[in-house]
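Colleague: I am new to this structure and would like to go through it slowly, one question at a time. Could you show it to me before we begin?

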Amino acid sequence: MHPLHRQQPPQPHPQPGPRPQPYTHPVPAWAQQPHFPAMPASPAEWRYRPRATPSWWHRHRRALRALAVITLLTLCGLIILGLVQQQTGTLGLLVGLGLAVLPVPLLVAAFRWIDGVEPAPWRNHLFAFAWGAFAATLVALLTNSLAADWLVTAVSDAGANSRADVLGSTVIAPVVEESAKGAAILLLFLLRRRDFHGVISGIAVAGITATGFAFTENVLYLGTAFGEDQLLGPDALHESVTAMTFFIRIVVAPFAHPLFTALTGIAFGIVAALPRLGRTLRILIPVLGLLTASLLHAIWNGSASLPDFTFLFVYVLFMIPVFAALTWLAIWSRRLELRTVRDTLPAYAAAGWFEEPEPWGLASMRARAMARSYVRRTHGPTGARTVAEYQHFATALALLRARAHHGTPPPDFHAREQELLHHLWHRHGVAGPPTASSAVELRRQRQQARPPGPGGPHGWGGPPYAYGPYQHPVGPGR
């Protein structure tokens, strides 16, 4: 007989007393196991089973995914390097690399500045740049070559090559290239959703991806132009194909590819900022953004193949206004995020989570930099990193609160809010005083330049949002 089914010894008669409530003692003190009559008799019929020990893949999946991504991008980089070297030669490749790298630091710094209020991790932007420089360029190069060969075969009359080149550059290449670059935005949107906050995040990711794509493309074009100069031997600078290519692609229009792909990034940013959109709109908006980017790209490529001054007219009357509009949108969105921090955090200051000047200091990029610089001098790099984390968590808290105010709080709003407050409270001892001091110092400097405006009791202003009962910040109890 099974040991669990052995007959138990007789128990002493219980003493009289109050009768226990049902389920107070589900397992008698003398029983080795409670009886479950409705439980399946055989383990093979169990509906719920103990969780198996995590597999080796489950325990190392993050490292393995990162290794797979790095391996894939490295292979794409080696292949694209070999293809470019085959077309330009070793010397042309080196010349192209040296010239094409010049605008990269400026463009990357500009997009990191735009995303500076709540910056995405460096690894996200590094992946975006590598994807644009290696994977997207390889896909575009191979697809465009296959499409060009097919067009030459399909158009079998006089002038077939020229017509195929125009058709490929104005119809096929824009769609292929923008789709290849947009894949990086889609991957980060799906796999790094917590770092994809809105339009600003979309513009930054799209711009850095396109910067990587333009870098590799410029290496190819500049290396090819250098090879032509070696064959032709120009006598003057204005006759050099390399100089003309450098002037157009590096000096005049280094922003062309980032401008096109930014439209796709804006579309994904809209979807990220409006989480309550229906499924149809969440698919349709990115598709429209991709089509708009492809159309703008097609107009730009088509203008280069038209005679006379068409390219100049398109550049002055179309490209520059669109570039100015998108630049204004990026700067306005950045200021809007800072204004949200300034208008939202005073409610938490009133509850005791911040000192009164801190929301104003956290809403100024200059005050943030002053706070980090002060702590770096007194506490070293570790203290400066603590202040940067404090600023990041405060910005995330303000944007989370603003979403709730506008009626789109995430389902786990309270859990997120409490977690952010936890992180802020543990860093407040180091980061709070310099943040408040930098706000006071910057306010003093601005008051010397112009008279102070109206504000709260001490000129800092109060919470402008009228929060509902469930949204009142809970004080830290100090």
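Colleague: How many helices and how many strands does the secondary structure of the protein chain come to?
Modeller: This is a predicted model, and what follows is read from its atoms. From the N terminus on, the elements run α-α-α-α-α-α-α-α-α-α-α-α-α-α. The secondary structure of the protein chain therefore comes to zero strands and 14 helices, by the run lengths that define them.

Colleague: Of the 478 residues of the protein chain, what percentage count as buried?
Modeller: A residue counts as buried when its relative accessible area is under 20%. By that cut-off, the share of the 478 residues of the protein chain that count as buried is 41%.

Colleague: Among contacts between residues at least 6 apart in sequence, what percentage join residues at least 24 apart?
Modeller: A contact here asks for heavy atoms within 4.5 Å. Among the contacts in the protein chain between residues at least 6 apart in sequence, the share that joins residues at least 24 apart is 76%.

Colleague: Which element gives the most to the lining of the second largest pocket?
Modeller: The second largest pocket holds about 1400 Å³ of space. Of the 45 residues that line this pocket, the closest to its centre are Ser169, Glu177, Glu217, Tyr221 and Arg249. Among the elements that give two or more residues to the lining are helix H2 (61-100), helix H5 (160-191) and helix H7 (241-252), but the element that gives the most, with ten residues, is H6.

Colleague: How many charged residues are in the lining of the second largest pocket?
Modeller: Sorted by class, the lining of the second largest pocket has 26 nonpolar residues and 14 polar ones. The charged residues in this lining number five.

Colleague: Is Glu217 buried or exposed?
Modeller: Glu217 is found in helix H6, and, leaving aside neighbours within four places in sequence, Glu217 is in contact with Glu177, Arg249 and His257. Its relative accessible area is 11%, and because the limit is under 20%, Glu217 counts as buried.

Colleague: Which element gives the most to the lining of the largest cavity?
Modeller: There are three cavities of 30 Å³ or more, and about 40 Å³ of space lies in the largest of them. Its lining includes Ala100, Pro103, Phe215 and Pro254, and by class it has seven nonpolar, two polar and no charged residues. Helix H3 (104-114) and helix H6 (199-232) each supply at least two residues of this lining, and the element that gives the most, with four residues, is H6.

Colleague: How far apart are the end C-alpha atoms of H7, and why does that agree with its number of residues?
Modeller: The expected span of a helix is 1.5 Å times one less than its number of residues. H7 has twelve residues and should therefore span 16 Å, which agrees with the separation of its end C-alpha atoms, 15 Å.

Colleague: Which elements do the buried residues of H7 pack against?
Modeller: At the start of H7, a side-chain oxygen of Ser240 reaches to within 3.3 Å of the backbone nitrogen of Thr242. Thr242 is itself one of the buried residues of H7, along with Thr245, Ile250 and Val252. The elements that the buried residues of H7 pack against are H2, H6 and helix H10 (310-344).

Colleague: How far apart are the end C-alpha atoms of helix H9 (residues 279-305)?
Modeller: Among the buried residues of H9 are Ile285, Gly289, Trp300 and Ser303. At 1.5 Å a residue, the 27 residues of H9 should span 39 Å, which agrees with the separation of its end C-alpha atoms, 40 Å.

Colleague: Which residues is Ala184 in contact with, leaving aside its neighbours within four places in sequence?
Modeller: Ala184 is found in helix H5 and is buried, with a relative accessible area of 0%. Its C-alpha atom is separated by 9.4 Å from that of Ala135, 49 residues apart along the chain. The residues that Ala184 is in contact with, leaving aside those neighbours, are Phe127, Trp131 and Thr209.

Colleague: Which side chain does a polar contact of 2.8 Å join to that of Arg366?
Modeller: Arg366 lies in helix H13 (residues 365-405) and counts as partly exposed, at 49% relative accessibility. The C-alpha atoms of Arg366 and Leu442, 76 residues apart along the chain, are separated by 8.2 Å. Not counting residues up to four places away in sequence, Arg366 touches Leu442 and Gln445, and the side chain joined to that of Arg366 by the polar contact of 2.8 Å belongs to Gln445.

Conventions. Residues are numbered from 1 along each chain as its sequence is written. This is a predicted model: local features need pLDDT of at least 70, side-chain atom pairs count only at pLDDT 80 or more; totals for chains, interfaces and linings use all residues. Side-chain values use heavy atoms; hydrogens and water are left out. On a 1 Å grid over the protein atoms alone, a cavity is a set of points where a 1.4 Å probe fits but cannot get out, and a pocket is an open set with protein on both sides within 12 Å along at least five of seven lines; lining residues have an atom within 4 Å of a point. Grid points are joined across faces, edges and corners, and a volume is the space filled by probe spheres set on the points. Ala, Val, Leu, Ile, Met, Phe, Trp, Tyr, Cys and Pro count as nonpolar, Asp, Glu, Lys and Arg as charged, and the others, Gly among them, as polar. Buried means under 20% relative accessible area, exposed over 50%, partly exposed in between (1.4 Å probe, protein chains only). A polar contact is a pair of N or O atoms within 3.5 Å; within protein, one must be able to donate a hydrogen and the other to accept it, and residues adjacent in sequence count only if both atoms are side-chain atoms.
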